[in-house]
Amino acid sequence: MVARKFLVRHDDSTFAVDYDTDDGFEIFQFQLFFLTSIPPEEQKIVGEDNDRIVSDDSDLAAVSDKLRLVSITAEEERKPEKQEETTSSTAGAGKLDAGTSVMSDEELARMLQAEKEALLLQQHVAYENSEKFEEKIRPYVSQVLMYEDPVRQEAARKTVPVDNLEEKALVSLAKEGNLKPSKIEQDHAFLLQLLFWFKRSFSWVHEPPCDGCGNETTGQGMGNALPSEIQYGATRVELYRCNSCSRITRFPRYNDPLKLVETSKGRCGEWANCFTLYCRAFGYESRLVLDFTDHVWTECYSEVLGRWMHLDPCEAIYDRPLLYEKGWEKKLNYVTAIAKDGVYDVTKRYTRKWHEVLSRRTITTESSLASVLASMTKECRRNYTSQVLSVLEERDNIEREALERDLRSTDDASISFPGVT
């Protein structure tokens, strides 16, 4: 056994890789895949000092400590561009279209192969720790049940200028040429107006202003929650000192949406929590969506679209699920939707790089994850009638098929990506 430490450069990043030569070249490639998301069959590894290609036949105990990783796909994509420059005057449009079609098939084949290898890698790196996943999700299963409380729903409805939003919904439909909208079209348009209204009504909190003089504050760490704060689920309280009068301002992180209707402020967790209550208060089937890379938003079922629709109240953005991966360049891993009737893995709705996402899903294996979600969903539905269960199961199947279909789609040209508010 020879223990090596390689410095592997890829694009603008350098990775330190600890490696045991007894493990074989394939394990080394999987280590690089885990770090860079470049599948083994697309890796070209060369010595940094001599440009000598490192392969399965190389003696990894003797090669240079400094290596460079290149994506074969990236190299291939650059080559046709040069060819096109030199042959465009003689190449016909038909040939170019045919070439594009072939590349599309090749991309699909590479994606499927990458997904297969990512799953293989996951078997080696993922922990058999489904309890950790369930621990993270379990509090939200209880939280979403608060959205069904008639008292909370009524409190939310009382704050909404319903007539004004209904009028705006009809105006928006009329502008699209729809002068006689159906009930479900009006409901869809009202939901969007509710989203826009909420964005204007709720306040983002970074560092809260001083409760005394209103001036800027500076964070002082965490404090103990008071009984009046714990009553509304605030187990964490941030403390801020005024830069002018030195008064301490408390920022309790409330989890009860009833209190959030009153305070109308917070960060993405409070925004999504409160907005999902508003959606349920007006009868929309809704989910709270938890992104493990630190964001939260809402999904509502649209009768007009016949599917679940993404709504981000922090941005007043709707039906733009690729916002986070393409717009914010987030490295997603788990995106989970929680509702009164179940817990769903909806990650595939929010990515077009599933094999890369798989390489970051290391809490537990896919099979264990599916088992946990199925168990939690069964628990949520334990008191449902067979008729309701049949409807839900049919919708679940339709959604699973749609998620797989979307994953293979490249049709995202119309999607715009506004920045973070």
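Over how many bridges do strand E8 and strand E9 pair, and in which sense? The legends below refer to a predicted model.

**View 1. Pairing of strands E8 and E9.** Strand E8 (residues 237–242) is joined to E9 by five bridges, in the antiparallel sense. One of the residues involved is Val 237, whose bridge partner in E9 is Pro 252.

**View 2. The open sheet E7-E8-E9.** Three strands form this sheet, with antiparallel pairing. Strand E7 (217–223) and strand E9 (248–252) are at the edges; each has a single partner strand, so one side of each lacks a neighbour in the sheet. From one strand to the next, the twist averages 30 degrees.

**View 3. The largest nonpolar core.** This core contains 50 residues, of which Phe 133, Ile 137, Phe 198 and Tyr 278 touch the most other members. Helix H10 (residues 268–281) gives the most to the core, contributing nine residues. Another core, of 14 residues, lies apart from it and includes Val 8, Tyr 19, Leu 60 and Leu 69.

**View 4. Surroundings of Phe 133.** Leaving aside residues up to four places away in sequence, Phe 133 touches Phe 292, Tyr 334, Thr 336, Ile 363, Leu 369, Val 372 and Leu 373.

**View 5. Cysteines without disulfides.** Zero disulfides are found in a search of the whole structure. For Cys 242, the closest cysteine sulfur is that of Cys 213, at 3.5 Å, which is too far for a bond. Cys 242 is buried, with a relative accessible area of 4%. The sulfur of Cys 268 is 5.5 Å from its closest cysteine sulfur, in Cys 314, again too far for a bond. Cys 268 also counts as buried, at 13% relative accessibility.

Definitions and conventions
Residues numbered from 1 in each chain as written. Predicted model: local features only at pLDDT ≥ 70, side-chain atom pairs only at ≥ 80, totals over all residues. Heavy atoms only, no water. Core = buried A, V, L, I, M, F, W, Y, C linked by side-chain atoms within 4.5 Å. Buried < 20%, exposed > 50% of the residue type's maximum accessible area, 1.4 Å probe, protein only. Helix = DSSP H or I, 4+ residues; strand = E, 2+ residues; numbered from the N terminus. Contact = heavy atoms within 4.5 Å. Pairing = 2+ DSSP bridges. Axes fitted to C-alpha atoms, helices over the stretch in contact; angles between N-to-C directions. Disulfide = S-S within 2.5 Å.
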